[in-house]
Amino acid sequence: MTITANGREYRLPVEPTVVFTVDGGDPEYFADALTRGIMPRLAGMLDEGGEYRIGASEMPSLTNPNNLSIVTGAPPALHGVPGNYCRLEDGSLQLLNDPKFLRCPSIHAVLEQAGVPTLMVTTKEKLRRLLGNGGVPSVSVELAAEHGLPEYGIGDLQDLVGRPAPGIYDWDASHYAMRIGIAAFRACPRLRLLYISLTDRVQHAVAPGEELSDRFFTEFDTLLGEYLDAGFVVGITADHGMNAKHKPDGSPNVHYLLDILDAASVPVHEVVLPITDPYVKHHGALGSFAWIHVDDEHRDTARAVIAALPGIEEVWTRADAITVYEHPADRIGDLAVTAAADIALGRRAADHDLSGLHGALRSHGGRHEQPVPLITSRPVHGPLADRYHANVLRSRDIHDLVLNHVGAASEPIGRAESVAATGNRGR
Ligand code: ZN
Ligand code: ZN
């Protein structure tokens with residue numbers, strides 16, 4: 001039996017299925033961890049038929065647009081959230097955290113309405129409100145003390161997990177989201193589709209191989225093992241990657257676009273940084289993507305000034321960005337700017353308080369954080385297999401992969417076409 005969500009067909013899950021979105025889970029972290037043997041359960045999963053390929057996240061490579069694309073299977077043009085933050089047509093600046101901004105339902109909401117027991121667990125409350133839209137039972141680590149899951153007969157989340165919830169900036173806040181998911185399943189084994197969205201606090205702070213990163217991925221691996229042992233079909237992806245954006249002396253490597261446009265006497269309405277969110281300690285609102293709102297008569301001048309800066313990679317007009325990035329026209333700027341992997345874009349230097357940053361600036365938002373892992377616990381077969389194996393799928397295809405294109409033991413589809421792609425970890 002299948003349902004249709006946003007023009008794509010999904011099979012109702014027979015087995016318990018979980019998708020993990022590792023916030024800022026750049027493929028480098030996984031490659032490094034597998035090479036050094038610190039993720040034995042993931043390695044075992046891949047050796048036993050699971051597969052690891054690379055796919056692309058949405059642009060800008062930010063949390064909200066990508067979590068929404070992953071749970072809807074649709075681009076930002078359809079779900080309506082091209083950033084964490086934007087300037088609307090009336091000139092107001094808005095954090096895109098409110099479900100009123102959503103323009104299509106999630107796969108989970110459609111499945112839930114079809115009678116499939118679903119669960120969303122986020123680390124950040126801002127995401128829970130978006131992802132839980134449409135009647136999906138949802139909880140966040142940030143408000144674990146206040147949440148229950150009455151739909152599933154669960155009163156107190158901290159009692160369920162058996163330990164108090166960490167703070168949102170604690171290194172193991174993400175793991176608590178994973179603990180909530182597996183504990184909820186044990187309490188309510190009829191759950192069939194879980195979506196667990198982590199936070200990138202650790203990835204903003206440390207590179208692959210650093211002690212805190214190892215601790216994060218070791219713990220992730222242990223908890224992944226609990227899901228595998230419980231019989232879950234597993235999909236793992238990321239909302240975006242992560243890159244260092246600082247100079248050798250540790251200071252942030254930033255073009256402050258409003259300062260630069262002022263110095264060139266180009267009048268603009270606003271420079272909008274769509275990475276902006278309430279969690280400023282992660283990145284100080286500095287990423288590698290910006291929108292410039294400017295009148296038509298000054299647009300080409302602004303474009304020329306910005307394009308001439310070192311490390312600017314793309315400057316698209318609104319009309320082009322709609323197609324290139326699959327963006328909704330009414331929630332983006334007149335110019336869309338991306339920067340090189342090691343360069344961040346700011347508004348005015350005076351606007352950015354970097355005193356709360358955890359160490360030197362590591363961030364995301366541009367093209368260089370688009371590659372993300374697409375990992376499944378079973379061999380991929382069927383119509384998506386060729387594109388999956390060629391590393392050209394998108395993170396928004398992960399639910400299509402785990403619901404439709406991996407072998408489900410109790411309800412096989414096209415098992416005959418399944419290829420023996422065991423142990424593949426290729427990039
Ligand atoms: Zn993110
Ligand atoms: Zn981030």
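Which residues in H2 are buried? In H2, the buried residues are Leu-42, Ala-43, Gly-44, Met-45 and Leu-46, where buried means under 20% relative accessible area, exposed over 50% and partly exposed in between, with a 1.4 Å probe and protein chains only. The legends below describe close-up views of a predicted model, in which local features need pLDDT of at least 70, side-chain atom pairs count only at pLDDT 80 or more, and totals for chains, interfaces and linings use all residues. Residues are numbered from 1 along each chain as its sequence is written, chains are lettered from A and ligands numbered from 1 in the order in which they are written, and side-chain values use heavy atoms, with hydrogens and water left out.

**View 1. Helix H2 and its surroundings.**
Helix H2 covers residues 40–47; helices (H or I, at least four residues) and strands (E, at least two) are DSSP runs, numbered from the N terminus. The buried residues of H2 pack against helix H1 (27–35), strand E4 (51–56), H10, strand E10 (233–237) and strand E19 (371–376). Just after H2, Gly-49 has a positive phi of about 120 degrees.

**View 2. Helix H2 against helix H10.**
The axes of H2 and H10 are 7 Å apart, and the two helices pack at an angle of about 45 degrees. Axes are lines fitted to C-alpha atoms, for helices over the stretch in contact, and angles run from 0 to 180 degrees between N-to-C directions. H2 and H10 are therefore oblique to each other; angles under 35 degrees count as roughly parallel, over 145 as roughly antiparallel, 65 to 115 as roughly perpendicular and the rest as oblique. On the H2 side the contact is made by Pro-40, Arg-41, Leu-42 and Met-45, and on the H10 side by Asp-221, Leu-224, Gly-225, Leu-228 and Asp-229. Contact means heavy atoms within 4.5 Å. By class, five residues in the contact of H2 with H10 are nonpolar, one is polar and three are charged. Ala, Val, Leu, Ile, Met, Phe, Trp, Tyr, Cys and Pro count as nonpolar, Asp, Glu, Lys and Arg as charged, and the others, Gly among them, as polar.

**View 3. Helix H8 against helix H10.**
Helix H8 (residues 173–187) and helix H10 (residues 211–229) have axes that come within 10 Å and cross at roughly 10 degrees. That makes H8 roughly parallel to H10. From H8, Ser-174, His-175, Ala-177, Met-178, Arg-179, Gly-181, Ile-182 and Arg-186 meet Phe-216, Glu-219, Phe-220, Leu-223, Leu-224, Glu-226 and Tyr-227 of H10. The contact of H8 with H10 has eight nonpolar, three polar and four charged residues by class.

Donors are N, O and S atoms within 2.8 Å of the metal (3.2 Å for Na, K and Ca); water is not among the atoms, so sites may look incomplete.

**View 4. The zinc ion (ligand 2).**
His-204 is buried, with a relative accessible area of 2%, and His-364 is buried at 1%. The zinc ion (ligand 2) and the zinc ion (ligand 1) are separated by 4.2 Å.

Most residues other than glycine have a negative phi, and most peptide bonds are trans. Met-59 and Pro-60 are joined by a cis peptide bond with omega of about -10 degrees, and Pro-60 lies in the loop between E4 and helix H3 (63–72). Asn-6, a residue other than glycine, has a positive phi near 55 degrees. Asn-6 is in the loop between strand E1 (2–5) and strand E2 (8–11) and is partly exposed at 23% relative accessibility. Asn-391 also has a positive phi, near 60 degrees, and is found in the loop between helix H14 (385–389) and helix H15 (398–404). Asn-391 is partly exposed, with a relative accessible area of 24%.
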